[in-house]
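Could you walk me through this model, starting with the overall picture and then moving to the charged side chains?

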Amino acid sequence: QHRVSTMGFPAVPAPPESERVCVFGTGDLGRSLGLRLLQAGYGVVFGSRRPHSSSSLLPHGAQVLGHAAAAQSAHLIFIAVQREHYDFLVPLANQLKGKVLVDLSNNLKKNQYPEANAEYLQSLVPGAEVVKGFNTLSAWSLQNGPSDANRQVYICGESVEAKQAVIAVAIKLGFSALDRGFLSVARELEDFPLQLFPQWRLPLRIAIGLSAAFFFYLLIRDIIYAYVTQSKDISFRIMVSLANKVCPIVSLIMLSLCYLPGVLASFLQLYRGTKYRRFPDWLDRWMLCRKQLGLLALGFAFLHVLYTLIIPIRYYVWFKNRTTQFDMTTAWRGDSYLSLGILGFGLYVLLGITSLPSVSNALSWREFSFIQSKLGHLTLLLCTAHTYLYGWNRFLSSSTYKWYTPPGYMLCLVLPSVVLLLKLLLITPCVDRTITRIRQGWERGADQRNPKDSQPLIP
């Protein structure tokens with residue numbers, strides 16, 4: 001056989017069938033996949049209902065045939081068409097017998113059909129080996145390459161040999177393939193592209209809830225209080241001053257929420273005396289979204305920095321002219337407050353950078369743990385001290401408690417102070433030694449049950 005160029009170039013010998021693949025579907029996804037396969041050195045044959053009219057749209061070097069002829073040209077066939085158009089495969093059952101069919105389809109919503117698309121495809125062509133895969137990749141990601149898009153490809157199917165063939169193609173294209181098991185997992189893989197920030201939902205709800213709660217709380221204390229008690233209209237402060245109070249408060253609380261579940265998990269292991277028991281579901285879900293909590297906290301810290309930088313150019317600041325005597329204590333307090341804030345924000349940025357996959361993959365586990373745990377708690381300490389210096393001795397003044405309510409910064413100090421105190425307890429030598437033994441495999445009470453098993457798994 002020879003491959004005929006659609007651009008009028010001389011025919012070149014076709015590659016052997018082991019290096020030739022077939023793509024059913026000439027839409028955006030099918031064309032992008034065919035182009036990547038050609039760039040990786042595969043011979044590509046497109047199967048189309050209208051092979052003559054489709055040839056001008058396809059990548060240079062690819063061959064386009066009818067479905068029946070294309071199915072006979074390769075052992076591995078990518079099905080890049082929607083489930084509604086699978087009917088054309090039924091008459092091809094004999095040609096597809098023994099072939100590996102890779103289902104790339106997705107649905108518009110979850111549970112759109114009673115069974116997964118891949119399972120439905122298998123029922124239409126029982127003689128073929130159906131593999132679900134490549135459905136989490138878009139046409140854009142295939143065109144731009146794995147360096148600019150998600151590198152992960154999920155695979156599932158009944159035949160081990162068929163999955164290995166698909167995995168080999170994925171690796172050659174520059175992706176990393178993960179075998180998720182049998183074809184019954186296909187519905188889960190088809191739901192992946194439909195998920196909209198699944199790990200971000202809880203952190204976003206927390207961020208929005210905290211922002212709204214503190215915004216209205218501070219609105220009542222600062223703006224409405226001044227209008228009711230002093231007949232002063234300072235509503236212009238909502239845009240900058242009020243926002244610049246809400247952002248650091250939410251940032252500090254969410255940073256505390258990043259490290260609180262780890263502290264709770266340590267105390268739970270200490271209480272149980274073993275690491276071989278599952279954490280509660282709520283704690284598991286909390287720990288899985290710590291990265292998102294931290295990134296949102298960093299975002300609010302960035303906003304706080306930006307709002308602070310524009311304070312000198314505000315009309316209100318220009319208009320307000322103060323002439324007060326120099327106070328050394330106030331100067332030390334102000335410089336310390338700013339210095340701790342800058343140091344804390346610098347570590348904040350470091351934590352955010354190391355959470356990026358491209359950076360974290362270059363770090364060893366010990367390096368990553370040191371930055372995210374040790375420096376993370378140091379960041380929390382600096383930011384908490386920064387807030388304490390902001391408040392200084394204002395808590396002693398009765399004017400601070402407008403309508404008998406504490407200021408927002410005082411409320412936001414509760415959670416980080418608790419987290420730091422609990423962490424201080426955990427790093428004391430006696431407690432830290434016990435937790436280390438538990439995480440090495442030691443269990444409380446194991447000495448009485450089996451003296452030989454009382455030693456840690458790692459000496």
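Here is a short tour, from the whole chain to single side chains.

This is a predicted model, in which local features need pLDDT of at least 70 and side-chain atom pairs count only at pLDDT 80 or more, while totals for chains, interfaces and linings use all residues. Residues are numbered from 1 along each chain as its sequence is written, and side-chain values use heavy atoms, with hydrogens and water left out.

**The chain as a whole**

The chain has 20 helices and 10 strands; helices (H or I, at least four residues) and strands (E, at least two) are DSSP runs, numbered from the N terminus. Of its 459 residues, 42% are buried, where buried means under 20% relative accessible area, exposed over 50%, and partly exposed in between (1.4 Å probe, protein chains only). The accessible surface is about 25700 Å², and carbon and sulfur atoms hold 62% of that; accessible areas come from the Shrake-Rupley method with a 1.4 Å probe, and for residues only the protein chains shown count as cover.

The unreviewed UniProt entry annotates "transmembrane region" at residues 206-228, 248-271, 292-317, 337-363 and 408-431. UniProt positions are given in the numbering used here, feature names are shortened, and annotations may be inferred rather than shown by experiment. Residues 337-363 are 81% helix and 0% strand, with end C-alpha atoms 33 Å apart. For residues 408-431 the figures are 88% helix, 0% strand and 34 Å.

**Salt bridges**

The whole structure holds 11 salt bridges, each a side-chain nitrogen of Lys or Arg within 4 Å of a carboxyl oxygen of Asp or Glu. Three of these pairs are worth a look:

| Pair | N to O distance |
|---|---|
| K172 and E19 | 3.2 Å |
| E190 and K132 | 3.0 Å |
| D222 and R221 | 3.8 Å |

K172 sits in helix 7 (residues 160-172) and E19 in the loop between strand 2 (12-13) and strand 3, 153 residues apart. K172 is partly exposed, at 42% relative accessible area, and E19 is partly exposed too, at 30%.

E190 is buried at 3% relative accessibility, and K132 is buried at 0%.

**Around R221**

R221 is part of helix 9 (residues 201-230). Is R221 buried or exposed? Its relative accessibility is 5%, so R221 counts as buried. D222 is buried as well, and a network of salt bridges links R221, D222, K245 and K402.

The side chain of R221 also makes a polar contact with the side chain of T405 at 2.8 Å, and one of its polar atoms lies 3.3 Å from the backbone oxygen of P406. A polar contact is a pair of N or O atoms within 3.5 Å; within protein, one must be able to donate a hydrogen and the other to accept it, and residues adjacent in sequence count only if both atoms are side-chain atoms.

W403 lies in the loop between helix 16 (365-391) and helix 17 (408-412), and at 40% relative accessibility W403 is partly exposed.

**R20 and S73**

R20, in strand 3 (residues 20-24), is buried, with a relative accessible area of 11%. A polar atom of its side chain lies 2.6 Å from the backbone oxygen of S73.
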